[in-house]
Amino acid sequence: MKAAEAGAHAQRVRGVRERIAAAARHAGRDPADIELIAVSKTKPTGDILSVYNAGVRAFGENRTEEFEAKALAITDRPDLQWHFVGHLQTRQSLVVAQHAHCFHALDRLKIARRLSAQLDDLGRGLEVFVQVNISGEMSKSGFACADWERAPGQLHALGDVLRTIAELPHLDLRGLMTMAPLAAPEPRLRELFSSLARLSGRLADDLPELDARALSMGMSGDYEIAVEAGATHVRVGTAIFGPRG
Ligand SMILES: *Cc1c(COP(=O)(O)O)cnc(C)c1O
């Protein structure tokens, strides 16, 4: 890692943190309530350590093979926490059970049950976010909830899913995660993120025993909007690591 690159990483981390803090204050929130996850997918371990040295402790990956290689390569940073943010194939779940601190894209009960059993064998716990499809886009995975305000059936179905997951041993249900449509204009992004925040509030009212109010939403292009709408976890790649090749 050249000194100039390390300096660029540190500067970008500082810039993103400042923008998160400004967006939080603008919304009357405490910047300390927002966790920054640096999405390091496709980037070498040297870049991860440089961002770690800039103070970031949470790193996001989205492919199991790459994630496993990096988790096995960086063993001397016990406070570095891995967040798996991508779609997870059933047969690849063990890597997440073994190495992840948090899984953001839980989109099937089958995966939840399998992870719970694997974690039991390993004697580990795992924080999870349930992925929801708030936009209704066909290409997006996650439990359907785009019509939750008009269709109570969607709200109740999601509530059932959350209750089932919360009861599985070794899974610590933190809240909901979503991915906004990439090309959506700002007003649409605000509407979608706000809808998810309202949905989270509604679920907290209906199912207070769940205690799963965290919201994983916002990426490089929209994290400030997400923070204004209530995000507690933002997943930022490009704005920290630079463009992916
Ligand atoms: C890649 C990725 C991100 C980060 O994307 P950027 O636009 O580079 O910030 C966030 N979340 C998920 C699920 C991703 O796959």
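This is a predicted model: local features need pLDDT of at least 70, side-chain atom pairs count only at pLDDT 80 or more; totals for chains, interfaces and linings use all residues.
By class, the residues that line the largest pocket comprise eleven nonpolar, eleven polar and seven charged. Here Ala, Val, Leu, Ile, Met, Phe, Trp, Tyr, Cys and Pro count as nonpolar, Asp, Glu, Lys and Arg as charged, and the others, Gly among them, as polar. Residues are numbered from 1 along each chain as its sequence is written, and side-chain values use heavy atoms, with hydrogens and water left out.

The lining of the largest pocket has 29 residues, and Lys41, Met179, Met219, Arg235 and Arg244 lie nearest its centre. A pocket, on a 1 Å grid over the protein atoms alone, is an open set of points with protein on both sides within 12 Å along at least five of seven lines; a cavity is a set where a 1.4 Å probe fits but cannot get out, and lining residues have an atom within 4 Å of a point. The space in the largest pocket is about 510 Å³, a volume being the space filled by probe spheres set on grid points joined across faces, edges and corners.

What takes up the space of the largest pocket? The ligand does, in the sense that more than half of its atoms lie within 2 Å of the grid points. Around the ligand, with a heavy atom within 4 Å, are Val39, Lys41, Asn62, Val85, Met179, Met219, Ser220, Arg235, Val236, Gly237, Thr238 and Arg244. This shell divides into five nonpolar, four polar and three charged residues.

A polar side-chain atom of Lys41 lies 2.7 Å from a ligand oxygen. For Ser220, a side-chain N or O atom is 2.5 Å from an oxygen atom of the ligand, and for Thr238 a polar side-chain atom also lies 2.5 Å from a ligand oxygen. The protein covers 91% of the 380 Å² of accessible area that the ligand has on its own, by the Shrake-Rupley method with a 1.4 Å probe.

I turn to the second largest pocket, with a volume of about 190 Å³. Its lining includes Trp82, His99, His101 and Arg124. Strand 3 (81-84) and helix 4 (93-99) are the elements that give two or more residues to this lining; helices (H or I, at least four residues) and strands (E, at least two) are DSSP runs numbered from the N terminus.

How many cavities of 30 Å³ or more does the structure hold? There is one, and the volume of the largest cavity is about 80 Å³. Helix 7 (residues 186-206) gives the most to its lining, with three residues. That lining has seven nonpolar, one polar and two charged residues, and Asp211 is one of them.

Asp211 is found in the loop between helix 7 and strand 8 (214-216), and has a positive phi of about 50° although it is not a glycine. Most residues other than glycine have a negative phi. Thr42, in the loop between strand 1 (35-39) and helix 2 (45-53), likewise has a positive phi, near 70°.

Methods:
A polar contact is a pair of N or O atoms within 3.5 Å; within protein, one must be able to donate a hydrogen and the other to accept it, and residues adjacent in sequence count only if both atoms are side-chain atoms.
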